[in-house]
Amino acid sequence: MSESHPPNTTLHPFSEIDRLIHSPARLMVLTYLYVVDRADYLFLINMTGLSWGNLSSHLAKLEQAGYVAITKSFIAKKSHTTVELTEKGRAAFRSYKQQILAVLSELPD
């Protein structure tokens with residue numbers, strides 16, 4: 001016979017964590033985008049160590065969620081792609097940061 005437990009009335013802060021942001025690669029990308037106005041692919045590749053294809057895959061997921069805006073242009077006949085956080089992405093990142101800090105503050109020293 002199993003014990004019954006009363007329902008948890010307060011969820012652990014990790015239960016509210018945005019799993020889209022929590023992925024290490026996407027977290028790195030969003031962290032860099034949070035502190036700059038916009039960045040190009042080369043900057044993000046150099047800073048994160050991600051491959052072109054891996055970065056593209058993660059950015060596609062972030063764009064689909066409305067967290068980033070991707071702009072493609074040409075400079076001297078070469079393709080140039082820049083990425084920036086949207087307001088929704090900036091708000092989601094702030095919320096994620098607050099949730100992580102809440103989780104960490106519960107840990108003993």
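**Notebook: sheet, helices and aromatic pairs**

I began in the sheet, where Thr 71 stands opposite Thr 82 in S3. Strands here are DSSP runs (E, at least two residues), helices are runs of H or I with at least four, and both are numbered from the N terminus. A note on the source: this is a predicted model, so I kept in mind that local features need pLDDT of at least 70 and side-chain atom pairs count only at pLDDT 80 or more, while totals for chains, interfaces and linings use all residues. Residues are numbered from 1 along each chain as its sequence is written, and side-chain values use heavy atoms, with hydrogens and water left out.

**Sheet**

I looked up the strand order next. The sheet is open, has three strands in the order S1-S3-S2, and its pairing is antiparallel. Strand S1 (39-40) and S2 are at the edges with a single partner strand each, so one side of each has no neighbour in the sheet. Two strands pair if DSSP finds at least two bridges between them.

How many bridges join S2 to S3? I found eight, between strands that run antiparallel, with S3 covering residues 78-85. One of the partners I checked was Ser 73, whose bridge partner in S3 is His 80. S2 and S3 form a hairpin with two residues between them, and Ala 76 in the turn has a positive phi of about 50°.

Axes are lines fitted to C-alpha atoms, for helices over the stretch in contact, and angles run from 0 to 180 degrees between N-to-C directions.

I then turned to H2 (residues 24-35) and H4 (residues 52-64), which pack at an angle of about 75° with their axes 10 Å apart. That makes H2 roughly perpendicular to H4, a label used for 65 to 115 degrees. From H2, the contact is made by Ala 25, Arg 26, Val 29 and Leu 30; from H4, by Leu 55, His 58, Leu 59, Lys 61 and Leu 62.

Where is Ala 65? I found Ala 65 in the loop between H4 and strand S2 (68-75). Not counting residues up to four places away in sequence, Ala 65 touches Leu 20 and Lys 88.

**Aromatic pairs**

My search of the whole structure gave three aromatic pairs. Rings of Phe, Tyr and Trp (its six-membered ring) pair if their centres lie within 6.5 Å; planes under 30 degrees apart count as stacked, over 60 as edge-to-face and the rest as tilted.

Tyr 32 and Phe 43 are edge-to-face, at 6.2 Å centre to centre and 85° between the planes. Tyr 32 is in helix H2 and Phe 43 in helix H3 (residues 41-48), eleven residues apart.

Tyr 41 and Trp 52 form a tilted pair, 4.8 Å centre to centre with 50° between the planes. Tyr 41 lies in helix H3 and Trp 52 in helix H4, so this pair ties together parts eleven residues apart in sequence.

Definitions and conventions: Angles under 35 degrees count as roughly parallel, over 145 as roughly antiparallel, 65 to 115 as roughly perpendicular and the rest as oblique. Contact means heavy atoms within 4.5 Å.
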